[in-house]
Amino acid sequence: MSFRTTPSVDYVEDVSPGSGALPPRAWYASSDARSLSLNGSWRFRLSATAGAEDDSFAEEGYDAGNWAEVTVPGHWVLQGDGAFGSPIYTNHLYPFPVDPPHVPTENPTGDHLRVFDLPSDWPSDGGAVLRFDGVESCARVWLNGTELGEFKGSRLAHEFAVGELLKPGGNVLAVRVHQWSSGSYLEDQDQWWLPGIFRDVTLLHRPAAGVADFFVHASYDHTTGEGTLRVDSDAGGRVLVPALDIDVATGEPVTVTVEPWTAETPKLYDGVLATDGERVPLRIGFRTVVLEDGLVKVNGAAVLFKGVNRHEWHPERGRALDLETMREDVLLMKRHNLNAVRTSHYPPHPAFLDLCDEYGLWVIDECDLETHGFTEQDWRDNPVDDDRWTPALLDRAARMVERDKNHPSIVFWSLGNEAGTGRGLTAMAEWIHDRDPERLVHYEGDWNCRDTDVYSRMYAFHDEVEKIGQQLDGGTHKRRELPFIQCEYAHAMGNGPGGLADYQELFEKYDRLQGGFVWEWIDHGVKHAELGYAYGGDFGEELHDGNFVCDGLVFPDRTPSPGLIEYKKVIEPVHIEGDGANGAVRVTNKQDFADLSALAFEWSCQVDGETVESGSLAVPALAPGESAEVKLPEPPVDGRGGERQWTVRALLADDTSWAPKGHVVAWGQFAAGARPLPSFPATDRPVAEDGRITLGPAGFDARTGALLSIGGVEVGATPRLDVWRAPTDNDDGAEWQTDTRYGMLWRTLGLHRMRHRLVSVEAGDDALTVRTRVAPAAREVGLDTVYRWTSDGERLRLTVSVTPEGDWTVPLPRLGVRFGLPEADRVEWFGGGPGEAYPDTRTASMVGRWQSTVDRLQTPYVRPQENGARADVRWVELGGLRIEGDPEFWFTARRWTTEQLDAARHRTDLAAGDTVWVNLDHGLHGIGSQSCGPGPLPQYFLKAEPAEFSFVFSTTR
Ligand code: GAL
């Protein structure tokens, strides 16, 4: 064996996909062929450049005793407490000069070494392959001193034949991993750059006469109810499906009556592919995907995708996910009514696709390809339009399709993301169409749809989506014939996304609109000792995109954010609408395949938010699309004169694989009578004495008109007009946005530093009136604000009248009062809950009686911002006070001021002060999704207009 002392590193920048690896094939776990996981602790040495070290470490007998260790699968930058470098986050900018295919000389290179023995019963016949499921971005591999080859394509499997080289004991596996390579130009996805062997490494025994590759074709004819199965296999063999009495040779089609696979009814048949040497378990789902009548249809029915984009993410392990984490994602998706996932922007760990088959999710499997950074130079030199790169692109396409082709859940192959347009993409699409005509091809970057079977866009605004739905969008002839999906929409960064319900309404209204995929599933926050969760810039990156990497429906620890709760409600599979006048509900099955037999329905009647009676409701097992009116029982007789409402819920009738019996799938709520508003005669008159004014239970400062106490409750800061909120990511908006970005304009105008000028304090016969003008420095606009206090001796009413002065060209962030309480913890309210809501994120807000604490009212957005408002609040109790609204109001309470919230960059910057700050808002501006999409729709604007609203205060102590 000989070793070069100055290793050549040409392969790193070579545009070829690599050399030495076996052709791609289906990924499966054999029933009987042995395998050996090589996951675990590996010896590790980091060098600063690709060629810093020679290859002698790959030699048998090399002493790596003084090397560090890393865990495989893993990313070295997330291990070693910073000793191995740190992650870099950029959205689309390459963190190195755009000089394709060259990469920086500073190219962190991790040498990995693992010595292993074969189990004593490892078979001596046949061969063996060594499989890498994911290595970022380029690896060179040696076994027992022999070089096997090198490869790129980080999120794709690569196998090497190693049978000849294996020894019973002391096998030395050496892997050199370079962070940067020509492959990095193809992997410019919006995520952390994280080098390492981040997926499994496995040694697979390959029995003589074993299965090599196979392709399951299982279609369904919805007109006959029959499925046709044909399994093609390189190695021949027989296909057995006991439940269907199938025992047939590979390559032979067989047609039998079956239950089809859909995401709603994920029926899988267990089968076996048996050759003389091996048995491979099959999980067969019969379904047919076609483009017909301008629609994507599965088993004859058009599908409405209620999807999400999923990156692989774990806050400590990065993209090295274990099976339980993958399952958690799938369970959370199912429990929140999602039916589809786009594997943005690379094929996921294959086990995730098994879970999608099993639990039922439609999948867009996306290739590991993005060249977004070339947009900075008008796409010059884009690899997807340069024939030299085409072999690498085709290699990626083939590695995706061959690996994943046996998953019934996959309905689309996606060429990649944000890679512009070019011949290489066309070549990929042609290859895929040819290899798998039974699925459709997706790619968003080509709006002319030259290579694709669906017109796909990202972040199209509502009005454009509507036009597309109406087929008024024009475009190429081919495009006009295609259905439309939004492969990304509703950017879930920070508080939001707003406007989901408005999108869903369009998707449901126009056939051509087949739904969308919210961006994105999870915040990619990196767990951090001081910062809680780190985002871009927290590791001192010279280029970064801040918290744009935290834009998920679940927080980094997978706690659902309010955005996910909202999405669940917006896409619920059953629509329940009240018809108070008729004492009935209209129930509509919004599923595409399943009837309602899996659901049980329950009605309940609330008085002042408390359930007084409930029972079950018989709803027919409506077929998809069907709707029925169902009578509610007679409203319960109840002496109380409170506010009455009906709530109807659809629950799982039985345990399922993804949620227990009783899990709430959908609900509807409607009023059964008007709310009695709080009112009382103003009987008390303000009395001034010793610099204090007393009015009923309250004391005021006679000079300033400030409220000091109500009953025994000290008020730390008097209720004053407040218009400021800590701008959300969506308020700030992305720099390229065309809608107005109010976050910035608000600050420019000075809404975060409003001054309150006291005009007068007037103690009248039945009211204390405090007149003020609220305005920012340097501006002429202002809000003329009058606080009118009245009392009946026990209760205290505050009526706030606001009249804008001057030319207000921006909406207000909020309009209400803020005050401080020295003490408050437990909170109870009657109104919308349990979670936060804003004007365009309030669909999931359910009216009821809710309890929480000030701390639990906070929504832990990774970058602190406005959060935690509760909608439609009739009354709230906290800190010894009861506050009733006339009309209903938005309630927020926190242990820091809005200004502190605004200044914080991480949650750890927020410290509880000695005051609980309470906002009672008459209005809030919408949220929108302008961190990447549209701002709030006009109907959710909080315009600066004259307003009047009241609160009634009393004490609970
Ligand atoms: C899209 C892109 C995603 C992500 C998103 C914004 O343009 O495809 O990867 O960057 O915008 O978060």
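How do the residues of the shell around the ligand divide into nonpolar, polar and charged?

1. The shell divides into five nonpolar, four polar and four charged residues. Here Ala, Val, Leu, Ile, Met, Phe, Trp, Tyr, Cys and Pro count as nonpolar, Asp, Glu, Lys and Arg as charged, and the others, Gly among them, as polar.

2. The model is predicted: local features need pLDDT of at least 70 and side-chain atom pairs pLDDT 80 or more, whereas totals for chains, interfaces and linings use all residues. Residues are numbered from 1 along each chain as its sequence is written, and side-chain values use heavy atoms, with hydrogens and water left out.

3. The ligand is surrounded by 13 residues, each with a heavy atom within 4 Å of it. The closest are D190, H345, E418, E488 and H491.

4. Of the 310 Å² of accessible area that the ligand has on its own, the protein covers 96% (Shrake-Rupley method, 1.4 Å probe).

5. An open, antiparallel sheet is formed by three strands in the order β16-β17-β20. Strands are DSSP runs of E with at least two residues, numbered from the N terminus, and two strands pair if DSSP finds at least two bridges between them. At the edges, β16 (214–221) and β20 (254–257) each pair on one side only.

6. Strand β17 (residues 226–233) pairs with β20 in the antiparallel sense over four bridges. Opposite G227 stands V256 in β20.
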